Amino acid sequence: MTRTAAEGLRGNPLRDARDRRLPRIPEPCALVVFGVTGDLARKKLIPAVYDLANRGLLPPGFALLGFARRDWGDGDFAALARDAAEKGARTGFREDVWRRLSDSIRFVSGSFDDDDAFDRLAQTLVELEDTHGIQGNAAFYLSIPPAMFPTVLKQMQRTRMADNSERGGWRRVVVEKPFGQDLKSARELNALVDNVFTPQDVFRIDHYLGKETVQNLLALRFANTLFEPVWNGNFVDSVQITMAEDVGIGSRAGFYDTAGAARDVLQNHVLQLLSLTAMEEPVAFDAEAIRTEKTKVLGAISLPPDLETYAVRGQYDQGWLGGVRVPSYLDEPGVPPTSATETYAAVRLGIETRRWAGVPFYLRTGKRLPKRVTEIAVIFKKAPHLPFDSTDTEELGHNQLVIRVQPDEGITLRFGSKVPGSAMEVRDVSMDFLYGEAFTESSPEAYERLLLDVLIGDATLFPRNEEVELSWMVIDPLEEFWADRRPELYRAGEWGPRSAEEMLARDGRVWRRP
Ligand code: BG6
């Protein structure tokens, strides 16, 4: 295999890539979770830790340390963790696995401004060096509202918990989205975190990047010869990225009403999907090379000059979903009765590069849409000439390659085929690849994959600072434009507001019905 100069400088990514097939097991370490009694920790993080333990991917010296306000001891936290693992584990709950893991569970009780509690936490980490041989290695997971970040980070600085200059080992911090509210607050947040941790030790979680199908997008594009030659404006008519949810906002009004669909998911999950779809081939499959290519795409995004026409926001009204009557957004518990927060957002973006010049990228996301589905649809241009009778091709649409991120994870290719019979009638058919059928292994949960990557120190699937800031540069002008406009209502259970349909109709296109 030919080795490039960059590979020479960086080590050997090809060999590293081969090594990745072997189970990667972190060094002995502690995972410290702030906000461990919250929803995310119970539903995602603790089950992910259990699943990693069950798969034998945690080191023998591993400790899970919870920090929260409750007046609890280790046993109480272990009981919560057991319950979370029993309910949420993907790999099935096993007593023997749990017993091993529960021996390493610790809890420190206190509020974020409580110096004593942080001193105890620091002391516990030191003790774990002796009992578990963690050698100072610790990942700190901030599963807390961003408003709390400054206090917690200051405490880490005061107790020198994040500092490895004396005790050695590594210290990493995991930051959950939202990464700020806009560009300004994202920069402030980044400065705050960078003040305590070095940039390469900051892991920003966008759990969409942990999804198997999202990673497969890179395999599809760069491991095959079939797709890349047509992956550009010469052949692609447009791209549609849909992230639809049938659920409403549940009990998250406090957060959601200050964010809305654009800040909640367009800024991160959807723009990340766009960047992986549109990026150039990275020179290696490693964090630096992949993040560099994504950054270029995000930096090349252009907003339409006419936001009135090409940026739509909506809010769900009451309606029917799955035979059940559901309330309007304004009637959800905790939502202010006059709220103008959007639960749906759609926008047409461009990417100003030679590959994508002139190709519209239509993005949409919404809650209370007819179903939960995330997909990337690459829609190809029609054949420049058809040698058939036009009445025989009336049902022939555009060729489409659809990457189904979830559910029914897989890929569909739509193309024209002859209808059996004596006429040369051509109609669209689908060819399907389904993960569930092609592979016997089930996919790890996104958090399982990402947590393991944090403990190993592999930042490939974590957006870096510039990506976050560039994404806000796309979202900020939209928010500004929407600031004094009310969102358009759409009925729960329908595919969003009418303006979203009109937006595509104006371009002579229609949204796919996933
Ligand atoms: C989160 C958003 O990041 O992603 C939620 O804050 C959304 O509003 C969720 O429901 C969707 O994640 P998934 O993995 O269920 O598609």
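A nonpolar core is understood here as a set of buried Ala, Val, Leu, Ile, Met, Phe, Trp, Tyr and Cys residues that are joined through side-chain atoms within 4.5 Å. In the structure considered here, which is a predicted model, the largest nonpolar core comprises 153 residues, and the members that touch the most other members are Phe34, Leu125 and Phe140. Helix α11 gives the most to this core, contributing 10 residues, and at least three residues are drawn from each of domain 1 (3-176) and domain 2 (209-505). In soluble globular proteins, nonpolar side chains tend to be buried together.

Helix α11, which spans residues 261-278, also supplies the largest share of the shell around the ligand, namely three residues. The ligand is surrounded by 13 residues, of which Tyr208, Lys211, Glu245, Asp264 and Gln406 are the closest. When the residues of this shell are sorted by class, seven are charged, three are polar and three are nonpolar.

For Tyr208, an N or O atom of the side chain is found 2.4 Å from a ligand oxygen atom, while for Glu245 the distance between a polar side-chain atom and an oxygen atom of the ligand is 2.5 Å. In the case of Lys177, a polar side-chain atom is located 2.8 Å from an oxygen atom of the ligand. Of the 400 Å² that the ligand exposes when taken alone, 81% is buried by the protein.

Conventions. Residues are numbered from 1 along each chain as its sequence is written. This is a predicted model: local features need pLDDT of at least 70, side-chain atom pairs count only at pLDDT 80 or more; totals for chains, interfaces and linings use all residues. Side-chain values use heavy atoms; hydrogens and water are left out. A residue is near a molecule or strand if one of its heavy atoms lies within 4 Å of it. A polar contact is a pair of N or O atoms within 3.5 Å; within protein, one must be able to donate a hydrogen and the other to accept it, and residues adjacent in sequence count only if both atoms are side-chain atoms. Accessible areas come from the Shrake-Rupley method with a 1.4 Å probe; for residues, only the protein chains shown count as cover. Helices (H or I, at least four residues) and strands (E, at least two) are DSSP runs, numbered from the N terminus. Ala, Val, Leu, Ile, Met, Phe, Trp, Tyr, Cys and Pro count as nonpolar, Asp, Glu, Lys and Arg as charged, and the others, Gly among them, as polar. Buried means under 20% relative accessible area, exposed over 50%, partly exposed in between (1.4 Å probe, protein chains only). Domain bounds come from an automatic or database domain assignment.
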